[in-house]
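Dear colleague,

Please find below the structure that I am handing over to you. My notes on it follow directly after.

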Amino acid sequence: MAVEEIQRAGELIASSQFAVALTGAGVSTESGLPDFRSQDGLWRQYDPSEVATLSAFYTDPHRFYAFYRHRLALLREARPNPAHYALARLEDLGKLHVVITQNVDGLHQQAGSRRVLEVHGNLREAKCTGCGRIFPISVLDPFLERAEIPTCDSCGSALKPNVVLFEEMLPEEVFEEAEASCRRCDLLLVVGSSLQVTPVAYLPHVALRHGARLILVNTEETPVDRFADVVLRGRAGVILPRLVEEVEKRLA
Ligand code: APR
Ligand code: ZN
């Protein structure tokens, strides 16, 4: 990736009035959390139709929870990486208004980002499928240790991690706010997403339709590369800190 591209991207961010970031699993791979569609992504090891759909949760909860036990164990070890800290720094510099994330790992918040829209839910909580009560995700542990299906101590229904599964609706207000920020932004920074999953994959087009500039940071090509002002091919944990340096130079 050429220096001029980083400089160009730094210029666009420094001169933006309302920049928004849209992140995917690629921003957390350098924290030790596998993404989904890369060579060593989760959907190469597991079939998403068996572990990531609402039908899978109801028809084979034991297989569903075996997957989530694995995911939760990885999450316990994960810490924010330089990509997360760089986005939090851009917010501190007043050059990033919100992070829209498809990630459920909470690493943006741990790195200091204050405005984060979790459009695919989170793995901090579990939700009762019966009475809707919300629990801290740790409520699952004793059940998972005994290989039992976690149940609600109020109504006895099955508990589900508070993530959006395929076949489920996204949290409405959160997605509406994400869409509104993409309509309003003059710069969209897409980091670490293959943009294969709708409706999130539409958001870059919402921003473009409203005249926003587009910067992509990704190790592989995405369907919107051709619409981007700048495509920075490489690892987010290396590129984003360099972007912050470029922005700080211009704001000094
Ligand atoms: N730096 C930059 N890009 C990276 C890095 C990295 N360190 N590591 C991986 N990538 C890129 C990959 O090349 C890939 O294009 O990040 C992208 C991750 O894409 P996916 O694995 O498809 O993840 P994501 O786009 O977040 O998936 C969206 O799919 O399964 C559902 O709900 C799940 O939220 C997830 C959604
Ligand atoms: Zn309940």
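A residue is called exposed here when its relative accessible area is over 50%, and buried when that area is under 20%, with partly exposed in between. Ala 147 has a relative accessible area of 52% and therefore counts as exposed. Please note that the model is a predicted one.

Ala 147 also deserves a look for its backbone. Its phi angle is near 55°, which is a positive value in a residue other than glycine. The residue sits in the loop that runs between helix H8 (141-145) and strand E6. Leu 195 likewise has a positive phi, near 50°, and is not a glycine. Leu 195 belongs to the loop between E7 and H10, and with a relative accessible area of 8% it is buried, because that value is under 20%. Pro 199 is placed in the loop between strand E7 (187-191) and helix H10 (203-209). The peptide bond leading from Thr 198 to Pro 199 is cis, its omega being near 5°.

For reference, the ideal angle for four tetrahedral donors is 109.5 degrees.

How accessible are the cysteines, buried or partly exposed? Cys 128 is buried, at 3% relative accessibility, and Cys 152 is buried as well, with a relative accessible area of 4%. Cys 155, by contrast, has 39% relative accessibility and counts as partly exposed. The number of disulfides in the model is 0, the cut-off for a pair of cysteine sulfur atoms being 2.5 Å.

The site of ligand 1

There are 24 residues around ligand 1, of which Glu 30, Phe 36, Arg 37, Ser 193 and Ser 194 come nearest. Several polar approaches may be listed:

- A polar backbone atom of Ala 25 is 2.8 Å from an oxygen atom of ligand 1.
- An N or O atom in the side chain of Ser 193 is 2.7 Å from an oxygen atom of the ligand.
- For the side chain of Thr 219, the distance from an N or O atom to an oxygen atom of ligand 1 is 2.8 Å.

Taken alone, ligand 1 exposes 740 Å², and the protein buries 94% of that area.

Further residues

Asp 225 lies in the loop joining strand E8 (213-218) and strand E9 (230-233). Its relative accessible area is 11%, so it is buried. The side chains of Asp 225 and Thr 222 are joined by a polar contact of 2.6 Å.

Pro 171 is in the loop between strand E6 (159-163) and helix H9 (172-184), and it is partly exposed, with a relative accessible area of 28%.

Glu 245 is part of helix H11 (residues 236-251). It is partly exposed, at a relative accessible area of 48%. Glu 245 and Gly 156 are 89 residues apart along the chain, and their C-alpha atoms are separated by 53 Å.

With kind regards

Conventions:
Residues numbered from 1 in each chain as written. Chains lettered and ligands numbered in written order. Predicted model: local features only at pLDDT ≥ 70, side-chain atom pairs only at ≥ 80, totals over all residues. Heavy atoms only, no water. Buried < 20%, exposed > 50% of the residue type's maximum accessible area, 1.4 Å probe, protein only. Near = heavy atom within 4 Å. Polar contact = N/O pair within 3.5 Å; in protein donor to acceptor, adjacent residues only side chain to side chain. Areas by Shrake-Rupley, 256 points an atom, 1.4 Å probe, with all protein chains shown as cover. Helix = DSSP H or I, 4+ residues; strand = E, 2+ residues; numbered from the N terminus.
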